[in-house]
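The following exercises concern a predicted model. Please work through each task before reading its solution.

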Amino acid sequence: MTLPTIAFLGIGLMGRPMATRLLQSGYPLRAWNRSPGKADRLGQAGATVHASLAEAVGGAAIVISMLEAGAAVEQVVGAALPALAPGALWIDMSSTGQGEALAFDATLRGHGLRFIDAPVSGGVAGAEAGTLAIMAGASAADFTQAEAVLRVLGRPTLVGPAGSGQVAKLCNQLIVGGTLAIVAEALLLAQAAGADPAAVRAAIRGGFAESRILEVHGQRMLKRDFMPGGQVKSQLKDLQNALIAAAAAGLVLPVANVVTDNYRSIEHSHPRADQSAALLALERMNPGRRLGDGPDRLP
């Protein structure tokens, strides 16, 4: 069976391992990035690297975008429209707002094209392992066409029509952001109250407090390893989008508001740090208190 040609747009921390997995699975792949040098390693792995966006998407049956934010997706969609093949399927795996995803869907469908918003969770490790949680907003028919491609990257779930993928991602980020903040508070409290925070973390694992956040990011906090993974600026963007969606739905989310403010407090000092830098925001609120005595690893 001939596999469809894929144009992959955005070869960053997440995009590179995702595109690499598609290559390794045999998909003909065209790669494009605004900074062309970032795509060179994919060329060495067998992708066709294009400096021109139009050349990258022209004739591709499926276009996958993995870009920084909705504004970047909007710009790239607009620039790519004249070159897209009739009936092409655009899968945006970036994290954007629900309203932005609905606007992309309307724009593409207005030109006879199709759209899926399919943001992901799982970070760089999940992208490398092909274990990303993929939340897809699409028609049933479009999801069926995309499912085999998405399964190379992780576990796709159809959560509703276009725009619903971004809603699911925002729900995911509310839980991630809130859990990161409370894990930081628990570990700092353990130390400040005289317990061994590493031993406390070990003791509560396996109980109701167990989570992937406690496992992975709790250890990052103890080691003070804030090299990214998911970045502070991305977590803040997602939390702000969640609050926008909540306001549009007539909801007040008090915990999300507090967590968003915490991340906002380190937005300018540590934008590229791992999201586990929620600990640094907490330490700012508690002068003289610091988890452990090791040096910080920061980008």
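**Exercise 1: Two packed helices**

The axes of helix α11 (residues 232-248) and helix α12 (residues 254-264) come within 9 Å and cross at roughly 150°. Determine how α11 and α12 are oriented to each other, and state which residues make the contact.

*Solution.* 
Step 1. Two packed helices are described by the angle between their axes and the distance between the axes.
Step 2. Angles over 145 degrees count as roughly antiparallel. The axes cross at roughly 150°, and α11 and α12 are therefore roughly antiparallel to each other.
Step 3. The handedness of the crossing of α11 and α12 is left-handed.
Step 4. On the side of α11, the contact involves V232, Q235, L236, L239, Q240 and L243, while α12 contributes A256, N257, V259, T260, Y263 and R264.

**Exercise 2: A residue in a strand**

Is A7 buried or exposed?

*Solution.* 
Step 1. A7 lies in strand β1 (residues 6-9).
Step 2. Buried means under 20% relative accessible area. The relative accessibility of A7 is 0%, so A7 counts as buried.
Step 3. Leaving aside neighbours within four places in sequence, A7 is in contact with R30, A56, V57, A60, I62, V63 and I64.

**Exercise 3: A residue in a loop**

With which side chain does the side chain of R34 make a polar contact?

*Solution.* 
Step 1. R34 belongs to the loop between β2 (29-32) and α2 (40-44).
Step 2. Apart from neighbours within four places in sequence, R34 is in contact with A72 and Q75.
Step 3. The polar contact of the R34 side chain is with the side chain of Q75, at 3.2 Å.

Definitions and conventions:
Residues numbered from 1 in each chain as written. Predicted model: local features only at pLDDT ≥ 70, side-chain atom pairs only at ≥ 80, totals over all residues. Heavy atoms only, no water. Axes fitted to C-alpha atoms, helices over the stretch in contact; angles between N-to-C directions. Helix = DSSP H or I, 4+ residues; strand = E, 2+ residues; numbered from the N terminus. Parallel < 35°, antiparallel > 145°, perpendicular 65-115°, else oblique. Left-handed = near helix turned anticlockwise from the far one by under 90°. Contact = heavy atoms within 4.5 Å. Polar contact = N/O pair within 3.5 Å; in protein donor to acceptor, adjacent residues only side chain to side chain. Buried < 20%, exposed > 50% of the residue type's maximum accessible area, 1.4 Å probe, protein only.
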